[in-house]
Amino acid sequence: MRKPRLLYVPFWATYVFLYAPIVVLVVMSFNAGGSPYSFEGFSLKWYGEFAANAEIRRGLVNTLIVAAGTTVLSTVLGTLMAVGLARHSRSRLLDAIGVLPAVLPDLVLGIGLLLFYVWVQLSLGLHSVVLAHTVFGTAFVAAVVRTRLTHADTSLEEASRDLGATPVATFFRITLPQLAPGIAAGALLAFTLSVDEFVIAFFTSAPTEPTLPIVIYSMVRFGVTPEINALATVLLAVSFSVVIAAQRMTRLTESFS
Amino acid sequence: MLQITGVSRRFGDVTALADVSLEIRQGEFFALLGPSGCGKTTLLRILAGFESPDAGTVTLDGADLLGRPPHRRPVNLMFQSYALFPHMTVAKNVAYGLEREKLPRAEIRSRVGEVLEKVGLSAMAGRRPQQLSGGQRQRVALARAIVKRPRLLLLDEPLSALDKKVRAEMQLELKRLQHEVGITFVVVTHDQEEAMSLADRIAVFSAGRVEQVDEPVALYQRPRTPFVAGFVGENNLFGGRACSVGLAADGLGVLPGSSDMPDGTSALLAVRPERVRLAPADAVADAPGVLRGEVADVSFYGGVSHVSVTVPGRQEPVLAAVQGATRTLPGERVALSWAPEDGVLVPQ
């Protein structure tokens, strides 16, 4: 059957709409000139510039600390939650509430957490951002692992019990290896989400310890420089590769089962 | 050895098991036979420990079994799906149960090697389950269960996932292995031929109840309930009332059968197709118990042919099995008869 050519127009227009801004950003990061709006030749100088910027470096280190802490906590808690929900609970309500923080508006979560921290008199700093990011990170990990668990064969766990393994041994030797690809995918997801999270970090961080998105935000307030473009391009590259890795892992998981 | 007493289990409105009592003997190959949904798998899962009954007791060698968790029962289950661990090699799968017993490494290695030899898979020890054929996976599942030397081995539809040729092979293999290792086997199956050829004794289940427990030949020759008469093998069933020479059948007169039932009891008369004598209509004189009809269909199965005959006064055709090929053709008029001892009366 002949495909109507006209339908390709909105199709490609959508792609241009989605990716043109990103292409512009990446191109402008290699701009030799100082204006963020007109391209004056190829150069890597802005990459050198941001690498030399102490404030950015500090933000980057803070962000990596937060992302690493978030990933570890979210992965452990999220996996345990998914196993609990899938194997030991029949409540659909709990199931729904468990993954709710993943879709809660960041603003609500950010304000809520800040109020909660004040109430329990928790000091603000990187640790408070880690806890805040762990709230939604856990939900994302739980959602990913949970899907994997519903597809997993419960007879493997029964076979393990039948062969004399205690419930604990069964969890570590059978359940966990079965879930490993899903857990890894969830961990990568939690990491990327934490790296570029702004709203919640804005509310729950200490002014003295800003994360990278907050540093960028405060720089952009005084105008976009190609330095920011270069930084954004690097972040983009990191996020893309991590997300693609996560997707490949989930696909691997599915073909496995 | 295994004593099941008054076991019942309900799932909501569905009765999976209703007051089931069975005794399984040491070294026996025992089959639980029934259509799907009759409760036989539930009973198997109760024995393995993945399900608990609402009422009743189960003892193994006189000791209570139900109070123990699955990993502390000297009972192993071979799953219908085999449930091999995909992230372990064949040898690791087989060793898994022994490692959980914390046996010395050398003993584990020798027992795994021994059992793989027994099922003919020594060459596959380093492979993953995904790299094996259906029949090989089944052998691994079997090896993984028997290496534990359980008191009781439970097998859930062990041959259902295999194609016909491999199934026949594995059937012999299972029997040989059971003989060799001397473990009591309890197999669940919906396939009556499988049950008949494998088992020493069979319990026929229907709707959560045990209909009859017997040796295969007795089950085939002397069904004691209408369900067993209809489920185990092909049978011609006639409804009516028992009388001194057999059955006063509805609409067909008196049919020959052997009975010790009081006259007038509502009963079924069961006659196996291979016991029905088929003759040209004019070769047999009219006598009580001789049915006349017209051949509706002839099916040739190689060693045996099935001739179905429409008999006036009866809705379903009467089935007669003849050795080899037959010259009878559809449309022919025939006479059907059988010896009184081949008509089995079943109380209804």
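Biologist: How many of the contacts in chain A between residues at least 6 apart in sequence join residues at least 24 apart?

Modeller: Two residues are in contact if their C-beta atoms, placed from the backbone, lie within 7 Å. In chain A, 79% of the contacts between residues at least 6 apart in sequence join residues at least 24 apart. For chain B the corresponding share is 63%. Please note that this is a predicted model, in which local features need pLDDT of at least 70, side-chain atom pairs count only at pLDDT 80 or more, and totals for chains, interfaces and linings use all residues. Residues are numbered from 1 along each chain as its sequence is written, while chains are lettered from A and ligands numbered from 1 in the order in which they are written.

Biologist: What is the pLDDT of chain A on average?

Modeller: pLDDT is the predictor's confidence in each residue, from 0 to 100. Where it is low, the predicted coordinates should not be read in detail. Chain A averages 86, and 96% of its residues score at least 70.

Biologist: Which secondary structure does chain A contain?

Modeller: Helices (H or I, at least four residues) and strands (E, at least two) are DSSP runs, numbered from the N terminus. Chain A has 11 helices and 0 strands. Chain B, by contrast, has 8 helices and 20 strands.

Biologist: Where does UniProt list a "transmembrane region" in chain A?

Modeller: UniProt positions are given in the numbering used here, feature names are shortened, and annotations may be inferred rather than shown by experiment. The unreviewed UniProt entry lists residues 7-30, 64-85, 97-120, 126-145, 183-203 and 228-246 of chain A under that name. In the model, residues 64-85 of chain A are 100% helix, with the end C-alpha atoms 30 Å apart. Residues 183-203 of chain A are 86% helix and 0% strand, and their end C-alpha atoms are 29 Å apart.

Biologist: Which feature does UniProt place on chain B?

Modeller: An unreviewed UniProt entry places "domain: ABC transporter" at residues 2-232 of chain B. That span is 36% helix and 26% strand.

Biologist: In what order do the 4 strands of the open sheet in chain B lie?

Modeller: Strands of a sheet pair through backbone hydrogen bonds, either parallel or antiparallel. Here two strands pair if DSSP finds at least two bridges between them. The order in chain B is 2-1-4-5, with antiparallel pairing. Strand 2 (14-24) and strand 5 (63-64) of chain B each have a single partner strand, so one side of each is left without a neighbour in the sheet. Strand 1 (residues 2-11) of chain B is joined to strand 2 of chain B by 7 bridges. Within this pair, B:Ile4 has B:Leu22 as its bridge partner.

Biologist: How many residues of chain A are in contact with chain B?

Modeller: On the side of chain A there are 14 residues, in contact with 17 residues of chain B. Helix 7 (154-162) and helix 8 (167-195) of chain A each give two or more residues to this side, and helix 7 of chain A gives the largest share, 6 residues.

Biologist: How large a part of each chain do buried residues make up?

Modeller: A residue is buried if 20 or more other C-beta atoms lie within 10 Å of its own, exposed if 12 or fewer, and partly exposed in between, with C-beta atoms placed from the backbone. Buried residues make up 37% of the 257 residues in chain A and 42% of the 348 residues in chain B.
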